[in-house]
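Welcome! Here is a short briefing to read with the model open beside you. Take a look at the sequence and the 3D view before you go on.

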Amino acid sequence: MARLHEYQGKAILAANGFKIPRGRAASTPDEAVSVAKELLDQKGSEVVVKIQAWTTGRAGIGGVAFAKKPDVARGHAARMLEMKVGQFPVETVLVEEKIAIDREFFLSFAIDDAARAPIIIFATGGGTGIEERASSARRIPCDVNRGPDGAAVNEATSRCGLSPTLAAQLDDAIKNLFSAARKVEARSLEINPLVLTKDGQFVVADCRITIDDYAVARHPELNIEIAREFDHPPTPLERVAYAVEQNDHRGTFYFAQLATAAAKDSKGLVGFHGAGGGGSMMSMDAIVNAAFTIANFTDTSGNPSASKVYRASRIILAQPDLVGYFGSGSGVASQEQYWSAYGLAKAFWELDLNIPTVIRLGGNTEDRAVDILQRMARLLGAPIEGYRKTDAPATIAARFAELVAAGKGTKWKPRTPRVPDFVHLSSAKAFPVKGGRVWIDTACWAEVRGFVETQSGGLIVDRANEPFVTLPADEFATKDSELLACSVESRIAGIEGFFLQLDVPGLDKLIGDTR
Amino acid sequence: MAILIDETKRVLVQGITGREGRARTRLMREYGTKVVAGVTPGKAGQSVLGVPVFDMPQDAVKALGQIDISVLFVPAAGVKDAAISAIEAGIKLTVLVPDRVPVWDAMEIAAAAKANGAMFVGPNTLGVLSPGKAVVGMIGGRAESARQWFKPGIPKGVGVISRSGGMASSTGYYLGQAGVRISTIAHIGGDAVLGIRIPDAAIMFEGDPFTEAIVIFGEIGSSQEEELAQLIRDRKVTKPVIAYIGGKAAREGTRFSHAGAIIEGGRGTHAGKVKALREAGATVVDAFGELPGAVVEILKRMKGQSLMSEADKNAVWNTAVTRIEPNRVAVRGYDIAELMGRVSFGAAVYLILTSELPSPAVARLMDAILVSSIDHGATPPSALAARTTASTGASLSAAVAAGIISINRHHGGAIEDCARQLKVIADRATRESISIEEAAAHTLASMREAGERMSGFGHRVHTKDPRTVRLFELAREAGVDGVHMKAVRAVEKSFADVKKALPINVDGAIGAILADLGLNPATFNGIFMIARTPGLIAQVIEEQTREKPMRRIDPVRHGYDGPAPRTMTKLE
């Protein structure tokens, strides 16, 4: 779930009928000072400076501080903008007026998976420790279309000892909470606390909001860069991967970096390439149990295109210091596994892979998949082994450990992909496909045409001694997987003059090192 | 039996004209799923793999009658509207395959399902598969693999519920390798809001008499496993539960691609789930590899019928007709020694073709059908072909085979053709809400215009076929009077109305009766072959013993010198 910062959440709530404290976000001490100056306009007024980070208990780590003078606010902001919370550097602070609290309430919107409907949890008294007071909380069921159950809302607010006017305001707040959540398609929206001020107003003192990842595309107004929940800001590599996923919806692709260095006592950092969430988790358990550190989590599943698997592999291999590449999913995949094998084989060749690689491609067409990997392995320096559904993750993890041990500590150095030399010749002709292009060397077309006609399944044929594309250009462009297979087969057969080049935007720049 | 899906369920595919829709329709049909219709807005009138395409689910329901399940292969953004249109068309189960369906859309689908008394599976599900019966979704990927991987739950099986798609197949496969039969595999989906959840599926398996135990591939996150533990404690689930919970190594807050596998606020931890299930009395294995063994162990202890014999385990393909073991032959599950002397041949034919024994009255009807077609003299093409072949010196088998070969569309085929045409008339009456007589008159009129003829009426020899009268008498006794019988009478009346005396012939009568009995029309010509074979043998033997080789056989000018007319009264 994509998380928003407190100040972003407050803006959404303000747009939905809530009162929020006066104030603004600041990303430099100077900005913080200018906000503080605006707010410290009356005698006795005070501001609060808060780090904007996805964590609870900010006060306890020095992430919340009060100031009566702009310079004090500057000091707080300067200190806080140097902080790091978990893996997150603090990039923003919120400076707002301090509010005079009379009473506090807890108000939380969530999705009740058992009821398959939204729910609002309400409790008197806010602040930290709400989890411990769960028994006093009231659960207000909501209808997805009509909102919170009116009777349950009344029942909850009428027992708080509030005047009818204030109770009615609280009713509205609960309804507004639902509307706000619905409008931005929140997965959760917690106001803690909702403060009743001494002058009788309900004000949002703090809030946490997460947006449904799958709905982010419908909400450009939220400016969410990556609809994913990370425990760190997205790394450059994760940004590259996310763009790949967004550009190709054939199957699932998920990439997250977990570690950039091997843990102490670990046998080394491993590039992990899974397929399917459940099978990937089990395979990761196997590789962790074999005493390796997993550099990344990657999942290509749901019948992905060969190009997607290729790009995933390229991204995994953009991580330095890997001692090996480990691929394993559920093991009995419904998808046609040979497409994945072609994608991997292409990446391995282009990067001239030289670290131990174990790939389990169990499921449909597993024999063909393993055969593709084995044939490619003969062209490369690395030991590359393919396995099937009958091979358990623990077994292949053990085999992987053997190969790594035999590899005498070779560590992977990311590199840009190689392309055949003919691509640079003037005789090379390019045919565009989705995210890349097919290169054909017209100078040797006569020698390769038979191979290309067969291996491309008739996508490219000979017409008057020239390569000719048999489909309309836009349709041909979607045949990237078939052409990828043709490209790998020509590579294995040692046939020059045909090559599919696929782009991974931004990746080469990240790697820096070129051949 | 099974839960959610079997071979009798009528299935609609939404998004059938797309890449996935087309590919999965092939899988489903090849595996045995009754895919009756497809939907893609704007593509009504097309067909995909022979399946008619409609604009909307309600159009399909209107044209084809009740549809039990709709399975969706549409882009995530279109899932909500597509699912609600299926639910509002009265389809009681929708299977939402797509990934990335917004959670608010899923909640709206849930509200619509609740309001209409419907259920849904998913979103983000690979579907549901009942081994040997049918599949909705994409479990197995191809029919051939699905048949090889998952062992049918006959006589009984274990139910599999998985929160992971890939592991649904894996669990099913490894159980099969360990000799465990499966009633149904349900991948319930990986999203936050799901239609059928683990507790719901467990209750269904509890109620399925053919499921002996419930196998769970659980995951961290949500409270489904804990709710299942509560059902076990409340004795609402009493069948053995064997579970593996994935995600032990996952850190809190880390997510592994599917939204389901996330621990939120300390809820749904690995340790919590394992503890809850174990305390309730379920078996929870620590490693996935131990799951099949644990299931086998429990089935052995309960003397379950879900375990395969060694021979079945080693099988590379299966037949559902007859099981042969040392000293035992079982036809469709019945010991042949028990059948012998107790059921007539007609009843046995019915059994082997439909997999069920007929009632005594239906058995009499089957016998009558077989007797009615045992021979029709030396003039039919099959008898002539058999005799001609015999006269060349061919063996009995070759000569009879020649006779059988000539039983085709125009000889014997009228049984099947007539049954299909009667179905068209009956469907038309339902679709246009008119009487069967009107439907018959309209259909015959349009057939006349198109120059087509109605099969099963009129005879080159008989004006009142003696066999027809008797068959209808027996059908009445057996209570066989369905739409085909009604249609056949309507057609006869319609011919009479236009002053065309075309009485129902024996083929028409048999076609109507067999179709009303629910037999597969593809077997009708075969039933005729079974009936006619004794006649052909008699014709061939006579040819071989009484006639000269290579004689010229006159098809018309031949006499009869057998026993004089006689009755059965003396025998009875």
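Is Ser85(B) buried or exposed? At 9% relative accessibility, Ser85(B) counts as buried, where buried means under 20% relative accessible area, exposed means over 50%, and partly exposed is in between (1.4 Å probe, protein chains only). This is a predicted model, in which local features need pLDDT of at least 70 and side-chain atom pairs count only at pLDDT 80 or more, while totals for chains, interfaces and linings use all residues. Residues are numbered from 1 along each chain as its sequence is written, chains are lettered from A and ligands numbered from 1 in the order in which they are written, and side-chain values use heavy atoms, leaving out hydrogens and water.

**Around Ser85(B)**

- Ser85(B) sits in helix 3 (residues 79–88) of chain B; helices (H or I, at least four residues) and strands (E, at least two) are DSSP runs, numbered from the N terminus.
- A polar atom of the Ser85(B) side chain lies 2.7 Å from the backbone oxygen of Ala82(B).
- Setting aside neighbours within four places in sequence, Ser85(B) is in contact with Gln14(B), Met56(B) and Pro57(B), contact meaning heavy atoms within 4.5 Å.

**The sheet in chain B**

- Seven strands of chain B form an open sheet in the order 9-8-11-10-12-13-14, with mixed pairing; two strands pair if DSSP finds at least two bridges between them.
- At the edges are strand 9 (134–137) and strand 14 (283–285) of chain B, each pairing on one side only.
- From one strand to the next, the twist averages 15°.
- Strand 12 (residues 211–219) and strand 13 (residues 241–246) of chain B run parallel and are joined by six bridges.
- Val215(B) has Ile242(B) in strand 13 of chain B as its bridge partner.
- Helix 6 (residues 165–177) of chain B packs on the sheet, touching strand 10 (157–162), strand 11 (182–187) and strand 12, and its direction makes about 165° with that of strand 11 of chain B.
- Helix 7 (residues 198–207) of chain B lies across strands 10, 11 and 12, running at about 170° to strand 10 of chain B.

**Two packed helices**

- Helix 13 (residues 345–354) and helix 14 (residues 360–372) of chain B pack at about 100°, with their axes 7 Å apart; axes are lines fitted to C-alpha atoms, for helices over the stretch in contact, and angles run from 0 to 180 degrees between N-to-C directions.
- That makes helix 13 of chain B roughly perpendicular to helix 14 of chain B (under 35 degrees counts as roughly parallel, over 145 as roughly antiparallel, 65 to 115 as roughly perpendicular and the rest as oblique).
- Residues making this contact include Phe345(B) and Tyr350(B) of helix 13 of chain B, and Met366(B) and Leu370(B) of helix 14 of chain B.

**A loop residue, Ala378(B)**

- Ala378(B) lies in the loop between helix 14 and helix 15 (381–391) of chain B, and is buried, with a relative accessible area of 15%.
- Ala378(B) and Val556(B) are 178 residues apart in sequence and 8.5 Å apart in space, C-alpha to C-alpha.

**Backbone details to look for**

- The peptide bond from Gly122(B) to Pro123(B) is cis, with omega near 5°.
- Another cis bond runs from Ile154(B) to Pro155(B), with omega near 0°.
- Arg116(A), a residue other than glycine, has a positive phi near 55° and is buried at 19% relative accessible area.
- Asp321(A) has a positive phi near 70° and counts as partly exposed at 38% relative accessibility.

Terms used. A polar contact is a pair of N or O atoms within 3.5 Å; within protein, one must be able to donate a hydrogen and the other to accept it, and residues adjacent in sequence count only if both atoms are side-chain atoms.
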